[in-house]
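This report looks at charged side-chain pairs. The sequence and the structure come next.

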Amino acid sequence: MALTLILSIVIVALAVAVIAASVKVVPQSETKVIERLGRFHSVLNPGLNLILPFIDRPKLIYTRHEVVQGGYKHVTMTTTSNIDLREQVYDFPSQQVITRDNVTTEINALLYFQIVDPKKAVYQIDNLPNAIEKLTQTSLRNVIGELELDETLTSRDTINSKLQVILDDATNKWGVKVNRVELQDIKPPETVRIAMEKQMQAERNRRAEILNAEGEKQSAILISEGEKQSAINRAEAARQAEILRAEGEAKAKILQAEAEAEAIRNVAEAVRATATDPATYLLATKYIETLQSMTAGDKTKTVYMPFEASSVLASLGAIKNMFPQQ
């Protein structure tokens, strides 16, 4: 009985071991590469999968883990049979690169990639994380070596794009798709940084002086244009005033002349009615007005009449005839 019980336990244990070795559960977004007798056989899908125990076995792949201890980040490499198909990010440590103008700069980068072909990721490269890291570092040195320091600091998008194209093309044979590369920090030497700050401050001062000079220039232009326009307006106003005054005087003279003409016509008609010469009448009236202005003011003034005035005064009798006798 004891031997039978022990044999039963051994058989059950072997059955459990066979079942455990035959059943493989793959999490979502992961996969396994299965080898049969050392040769590639299949790629398992997420979920429950059955394999031949002791004949089929998962292929191991290196994976990269970052561990922070004592404020420092440590990177370790381990092996696993599960291949993560999700997008992964590698934060590579800072490295020293030299720009085209021979400035040593410290740069670290982030790499976003995804395994799209598990078979290639297992068989085309021995240590995929290490290969990606070394490839990224060498490519970064090559790209930065073609740029000067100023271009490196101001052309991050250009550098990211170049690195993404280079790495994606190089890792394509490994079954990896590089989605993007991001430069985190670019740290030039302290002496260079101080010199750049001084240069930047000098450039800002220069721009401020240029803007101040431009402002003063524009202000002077606006003031002169205002004065010019004001002088033009004053001259135009004076011209319009002179024109209006001249037009007023002309109209006044025209009205005065028309009034005098009308008066002359009225007098002429009245003179003709008395059979008197109108010219003689007008001459007599003007003569009387002149005498009146000559004798106005000082009562003791002596006025001498020219001899020719007797003929004019003789016409005053004709004026008397113009008025009816009372």
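Is Glu35 buried or exposed? Glu35 is buried in this predicted model, with a relative accessible area of 3%. The cut-off for a buried residue is under 20%, so Glu35 falls within that class at 3%.

The side chain of Glu35 forms a salt bridge with that of Arg57, at 3.4 Å from N to O. Glu35 belongs to strand E2 (residues 30–36) and Arg57 to strand E5 (residues 56–58), so this pair links parts that are 22 residues apart in sequence. Arg57 is partly exposed, with a relative accessible area of 47%.

A salt bridge also joins the side chains of Arg36 and Asp56, at 2.6 Å from N to O. Arg36 is in strand E2 and Asp56 in strand E5, so the pair ties together parts that are 20 residues apart in sequence. Here Asp56 is buried, with a relative accessible area of 5%, and Arg36 is partly exposed, at 31%.

The side chains of Asp84 and Arg86 form another salt bridge. Arg86 counts as partly exposed, at 48% relative accessibility. Salt bridges with shared partners also join Arg100, Glu148 and Glu151 into one network.

The table lists the pairs described above with their distances.

| Salt bridge | Distance, N to O |
|---|---|
| Glu35 and Arg57 | 3.4 Å |
| Arg36 and Asp56 | 2.6 Å |
| Asp84 and Arg86 | 2.8 Å |

How many salt bridges does the count come to? The count comes to 12 salt bridges, among them the pair of Glu35 and Arg57.

Note on methods
Residues are numbered from 1 along each chain as its sequence is written. This is a predicted model: local features need pLDDT of at least 70, side-chain atom pairs count only at pLDDT 80 or more; totals for chains, interfaces and linings use all residues. Side-chain values use heavy atoms; hydrogens and water are left out. A salt bridge is a side-chain nitrogen of Lys or Arg within 4 Å of a carboxyl oxygen of Asp or Glu. Helices (H or I, at least four residues) and strands (E, at least two) are DSSP runs, numbered from the N terminus. Buried means under 20% relative accessible area, exposed over 50%, partly exposed in between (1.4 Å probe, protein chains only).
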